[in-house]
Amino acid sequence: SLIRDNITYASFGSIKLDVVEVLPAGSRVTAHRGFYNDTPTAPQNSRASFRNALREGFAASETDVWMTTDGHIIISHDNNGIQTSTFDAIKNIKLSNGEIRPELKDFLDIMRDEYPDSPCKLQIEIKYNTDSKNTLEMCEDIVALVKEYGMEDRVNYISYSMPACKKILQLNPTADVAFLAGSSAQLPPDELVKNGDISLDYDHTVIKAHPEYLT
């Protein structure tokens, strides 16, 4: 130790300090198909489960969309004949809590009118229909609807369809879009530059097998 000006200075060896200007972001949680937890009052992809996610302040609430033959964007995980039906044919189908199956505009209404200050974003999973033309038309309608509601900054998009991801980004170059690569590593991150500003969403097994994807 060294004494100087009546102050004792102690040396503990070499210490390395890493100085950062911004702290890394912590983990964020997305409510899958809303915050439903299999409760009868708030089944998945319902208005109730979406309200739960908005109220609890999740990073996002994921939901699945399909389009009817007459252009209605319906919230549903499974197809259930939606893409081959008119809206009138399915509009009165009820969920287990008695809700009529919601449309995308119903969720946007809830965000805008009931939870304008919630940090929770709406994460729209665009289902890839057997008719690729239908999928791309649905992308156009979704982006237009989100813009109409002024919700561009409160919505992000995911899809297992790369054409759908590219279409969304073409329609809104500032959109937050991720391709669901799943458990397949067929699209490594260095391929991303070929697809524009599209993020990749891998299964955790891929990350374990390819930790270099995180660098």
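Q: Where in this predicted model is asparagine 45 found?
A: Asparagine 45 sits in the loop between β3 and α1, and the model you are looking at is a predicted one.

Q: Why is asparagine 45 called buried?
A: Buried means a relative accessible area under 20%. Asparagine 45 has a value of 4%, so asparagine 45 counts as buried.

Q: What makes the phi of asparagine 45 worth a look?
A: Most residues other than glycine have a negative phi. The phi of asparagine 45 is positive, near 55 degrees.

Q: Which loop holds arginine 33, and what is its phi?
A: Arginine 33 is also in the loop between β3 (30-31) and α1 (47-56). Its phi is positive, about 60 degrees, although arginine 33 is not a glycine.

Q: How do you know whether arginine 33 is buried or exposed?
A: Set its relative accessible area, 16%, against the cut-off. Since buried means under 20%, arginine 33 is buried.

Q: Why is α1 called mostly covered?
A: Seven of the 10 residues of α1 are buried, each of them therefore under 20% relative accessible area. They are Arg47, Ala48, Ser49, Phe50, Asn52, Ala53 and Leu54.

Q: What do the buried residues of α1 pack against?
A: They pack against β3, β4 (60-67), α3 (104-113) and β6 (121-126). Packing here rests on contact, which means heavy atoms within 4.5 Å.

Q: Which residue follows α1, and what is its phi?
A: Glycine 57 follows α1, with a positive phi near 75 degrees.

Q: Why is aspartate 203 called partly exposed?
A: Partly exposed covers the range between the buried limit, under 20%, and the exposed limit, over 50%. Aspartate 203 has a relative accessible area of 28%, so aspartate 203 is partly exposed. You can find aspartate 203 in the loop between β9 (199-202) and α6 (204-209).

Q: What does aspartate 203 touch, leaving aside residues up to four places away in sequence?
A: Aspartate 203 touches Gly182 and Ser183. Alanine 181 and aspartate 203 are 22 residues apart in sequence, and their C-alpha atoms are 7.4 Å apart in space.

Q: How many helices and strands does the chain have, and what share of its residues is buried?
A: The chain has six helices and nine strands. Of its 215 residues, 42% count as buried.

Q: What share of the contacts between residues at least 6 apart in sequence joins residues at least 24 apart?
A: That share is 53% in this chain.

Terms used
Residues numbered from 1 in each chain as written. Predicted model: local features only at pLDDT ≥ 70, side-chain atom pairs only at ≥ 80, totals over all residues. Heavy atoms only, no water. Helix = DSSP H or I, 4+ residues; strand = E, 2+ residues; numbered from the N terminus. Buried < 20%, exposed > 50% of the residue type's maximum accessible area, 1.4 Å probe, protein only.
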